[in-house]
Amino acid sequence: MKQYIQLTNEEIKRSFKLYVIVVLVMAAIELVSVVAQVMLHEQNIKNFMENNRATLSEALQQIGKLDYADTTSFFVFMTLIGIVFVVIYAFQIWYRDWLGETKYIYRLLMLPGRRYSIFFSKLTAVFLVMISFIGLQWCFLKAGSYLFDWSIQAEYQKSSNTNIFSSSLEEFYTTNLTNMIFIILISTMIVCLIFLLVLLERSHRKVKGLIRVAIETTIFVSYAFVCIYFLDQTHLLLSSEKDALFIGFVFVYMIYACWRSLRLLKWKISV
Amino acid sequence: MLEVHGLQKKYGKKPVLQGVSFSVPMDQLTCLIGLNGEGKSTILKAIAGLVPVNAGTVLVDGEINRNKIAFVPDIQTMPGYMTVGDALTYMADYYSDWNQETANELMRIFQLLSTDKITDLSKGNQAKVSLILGFALDRPYLLLDEPFAGIDLFTKEQIAGLFSSHFMEGRGILMTTHEIQEIEHLIDRVVFLQDGRIIDEHETEEMRELYGKSVQDRMREVYQR
């Protein structure tokens with residue numbers, strides 16, 4: 001356990017600078033985009049009034065008032081970048097040990113004790129990055145809404161709108177606990193799949209490695225298809241039972257991916 | 001004694017090791033000799049458990065126990081951001097058999113500073129750091145992969161000095177190197193490897209008597225055939 005905690009700490013330390021930079025850039029772009037869109041909206045209204053010799057109420061009627069959800073398009077974009085970042089990190093956290101400026105994989109594989117702590121420390125590091133991204137995005141969304149209220153003139157703002165999410169953001173930032181658990185579980189399952197693919201490639205290398213990766217990807221896609229098809233077609237279960245079954249399916253795959261990865265790490269992996 | 005029995009290893013369909021067997025006695029420096037690509041590094045990695053083998057076993061004092069072996073690869077293995085001090089702390093954190101006194105003594109001998117970032121060091125100093133990380137583990141068997149590769153004469157002499165010092169006591173060392181000439185007087189035992197097989201294995205003195213040649217000349221004779 002001590003080794004697992006130390007290794008997790010080590011993994012986080014190694015990526016911390018990059019992580020902080022990405023988060024700061026994301027926050028800056030998102031918050032600046034809110035103010036910029038408010039200013040752009042005001043400018044559009046002023047231009048309309050000037051060009052058409054219209055009053056403010058006419059301009060607002062024509063162009064429309066602004067609410068916070070209208071200014072969050074960059075949050076969706078940044079969320080997608082965050083997802084891509086996590087996926088890249090899930091690959092990079094392994095490959096940097098083989099292909100980086102030093103070959104840290106030697107040190108990891110030579111550590112005393114069992115190798116599962118290497119796997120779970122990396123999984124934990126990616127998981128923490130993923131969860132913190134989601135949490136920070138929540139904070140940035142809330143901060144963005146304060147910034148919006150501060151920067152917009154009252155007459156330009158749609159009143160009595162408490163929703164801070166645009167419809168596309170609601171896909172990622174659901175307020176429903178079950179949906180949140182789904183998102184986190186599915187994301188973790190995909191990270192486990194990526195880990196398994198990397199370890200297959202690193203264990204078998206070259207053409208054989210790529211064939212194994214293709215087979216494993218096919219197994220995953222088939223499994224996902226069968227599970228989704230089953231849940232979609234069955235009418236015997238209640239919605240809550242389907243949710244529980246879905247969570248069960250995700251857990252089964254995660255356990256399978258971890259089990260295979262740990263076997264590869266123990267028996268097949270090479271430096 | 002460290003015993004290697006029938007190691008076999010294939011990379012794809014190409015056999016690299018074809019039933020390699022030899023032993024590394026305690027308190028001796030055994031040198032594994034072979035041309036490039038003969039499988040010397042693969043043998044060390046296989047003994048250290050870093051490369052899975054197709055067949056064969058490695059016994060340490062009669063049992064399978066890798067915790068009695070330390071391996072010093074020919075490349076830097078600590079994360080790039082670490083200083084020498086960080087690397088020593090890392091080892092102390094993870095290894096119960098880490099000997100800080102040995103590490104401090106070697107740091108003094110090699111005149112390294114704990115604040116130096118490892119990746120900023122010269123190749124020779126990086127090799128010294130790797131050796132400290134190996135020698136400061138209280139393990140009876142030490143594997144050294146090309147410890148003299150690409151480093152200057154003075155550093156070579158400093159490193160070679162370790163093999164005639166008290167750091168050798170209670171250790172069996174298996175080393176691969178092409179730089180035989182500088183350390184020939186320190187080698188107790190030689191193992192010649194060719195085409196993934198052991199073709200000759202002798203105590204150095206025994207070999208000199210048998211062939212009337214130095215290790216270097218015997219090496220030349222074996223590989224020029």
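How many residues of chain B are in contact with chain A? In this predicted model, 19 residues of chain B are in contact with 18 residues of chain A. On the chain B side, two elements each give two or more residues to that surface: helix H1, residues 40–48, and helix H2, residues 84–94. Sorted by class, the chain B side has twelve nonpolar residues, five polar ones and two charged ones.

Now to the sheet in chain B. Strands of a sheet pair through backbone hydrogen bonds, and the pairing can be parallel or antiparallel. Here six strands make an open sheet with mixed pairing, and the order in chain B is E5-E6-E7-E3-E8-E9. Which strands stand at the edges? They are E5, residues 69–72, and E9, residues 197–203, of chain B. Each of these has a single partner strand, so one side of each is left without a neighbour in the sheet. From one strand to the next, the twist averages 15 degrees.

Take one pair as an example. Strand E6 of chain B, residues 141–145, and strand E7 of chain B, residues 172–176, pair in the parallel sense over five bridges. Within that pair, B:Leu142 stands opposite B:Ile173 in E7.

Definitions and conventions
Residues are numbered from 1 along each chain as its sequence is written. Chains are lettered from A and ligands numbered from 1 in the order in which they are written. This is a predicted model: local features need pLDDT of at least 70, side-chain atom pairs count only at pLDDT 80 or more; totals for chains, interfaces and linings use all residues. Two residues are in contact if their C-beta atoms, placed from the backbone, lie within 7 Å. Helices (H or I, at least four residues) and strands (E, at least two) are DSSP runs, numbered from the N terminus. Ala, Val, Leu, Ile, Met, Phe, Trp, Tyr, Cys and Pro count as nonpolar, Asp, Glu, Lys and Arg as charged, and the others, Gly among them, as polar. Two strands pair if DSSP finds at least two bridges between them. Axes are lines fitted to C-alpha atoms, for helices over the stretch in contact, and angles run from 0 to 180 degrees between N-to-C directions.
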